[in-house]
Amino acid sequence: VQIVGDGPDAVIIPNRVYLADAFARLAERRTLVFCDPRNRGRSDHLTDAAKVERGIHHDVDDFDAIRRSLGLERVSLIGHSYMAVAIALYAMKYPKHTQAVVQIGPMPPDYASQYPSHLTNADATLTNVLARLGELQKERLSHDPVEFCRKFWSALRPLYVFDPADADRLGW
């Protein structure tokens with residue numbers, strides 16, 4: 001956990017390892033609580049299957065453990081991609097302790113659902129990103145893990161901006 005700011009509104013933001021730098025500017029009137037979910041990012045590596053077998057539900061309970069350990073009555077949560085689903089589950093399980101939820105690029109509720117093409121952003125940008133990721137995957141073992149992660153996020157950036165020319169403005 002990394003805490004930035006000391007404002008009255010507390011916000012839990014999972015995936016600290018790549019979101020802390022991008023979101024730290026929100027700390028002016030808030031207390032931001034960045035965390036890496038268990039067994040990911042810079043959290044402890046777990047080998048006990050019982051500590052990871054509940055998957056996303058461990059994440060949900062871990063967010064509440066963070067809230068309780070900091071003595072907070074209510075928190076807001078910001079989640080990106082898979083973690084957007086985790087924070088929605090948190091809000092459903094702990095509504096009395098949830099102030100607000102912000103989902104950035106959440107996964108769909110039912111991944112098997114097929115949506116109209118204008119809702120999927122299945123365009124040339126997506127095709128190019130997937131091709132870059134495919135090429136990167138072929139050379140994965142030849143990279144240092146940190147270098148691989150940097151290249152991975154660099155390849156994904158065009159999906160997170162309206163104009164792919166602005167992709168390098170994201171510090172992820």
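Tutor: We begin with a definition: a crossover is right-handed if, with the strands pointing away from the viewer, the path from the first strand over the helix to the second runs clockwise. Please keep in mind that this is a predicted model.

Student: What makes β4, α3 and β5 a right-handed β-α-β unit?

Tutor: The path runs clockwise in a right-handed crossover, and β4, α3 and β5 make a unit of that hand. The two strands, β4 and β5 (residues 98-104), pair in the parallel sense over six bridges. Within this pairing, Leu77 stands opposite Val101 in β5.

Student: Which other crossover has a stated hand, and which strands does it join?

Tutor: Strand β2 (residues 9-14) and strand β3 (residues 30-35) pair in the parallel sense over six bridges. The chain passes from β2 through helix α1 (residues 16-23) to β3, and this β-α-β crossover is right-handed. Ile12 has Val33 as its bridge partner in β3.

Student: How do you know that β2 and β4 are paired?

Tutor: The definition asks for at least two bridges between two strands. β2 and β4 have two bridges, in the parallel sense, and therefore they meet the definition of a pair. Val11 has its bridge partner in β4, namely Ser76.

Student: Why is the pairing of the sheet called mixed?

Tutor: Five strands form an open sheet in the order β1-β3-β2-β4-β5, with mixed pairing. The antiparallel sense is found between β1 and β3, over three bridges, where Val4 stands opposite Leu32 in β3. The parallel sense is found, for example, between β4 and β5. Strands of a sheet can pair in either sense, through backbone hydrogen bonds.

Student: What makes β1 and β5 the edges of the sheet?

Tutor: β1 (2-4) and β5 each have a single partner strand, so one side of each is left without a neighbour in the sheet.

Student: Why is strand β4 described as mostly covered?

Tutor: A residue is buried when its relative accessible area is under 20%. In β4 (residues 75-80), six of the six residues are buried. Val75, Leu77 and Gly79 point one way, while Ser76, Ile78 and His80 point the other way. β2 is largely enclosed by the rest of the structure because five of its six residues are buried.

Student: How do α2 and α3 cross, and what is the hand of the crossing?

Tutor: The axes of helix α2 (residues 56-69) and helix α3 (residues 82-93) come within 9 Å and cross at roughly 65 degrees. The crossing is right-handed. The residues in this contact divide into 10 nonpolar, one polar and five charged.

Definitions and conventions:
Residues numbered from 1 in each chain as written. Predicted model: local features only at pLDDT ≥ 70, side-chain atom pairs only at ≥ 80, totals over all residues. Heavy atoms only, no water. Axes fitted to C-alpha atoms, helices over the stretch in contact; angles between N-to-C directions. Helix = DSSP H or I, 4+ residues; strand = E, 2+ residues; numbered from the N terminus. Left-handed = near helix turned anticlockwise from the far one by under 90°. Nonpolar A, V, L, I, M, F, W, Y, C, P; charged D, E, K, R; others polar. Buried < 20%, exposed > 50% of the residue type's maximum accessible area, 1.4 Å probe, protein only.
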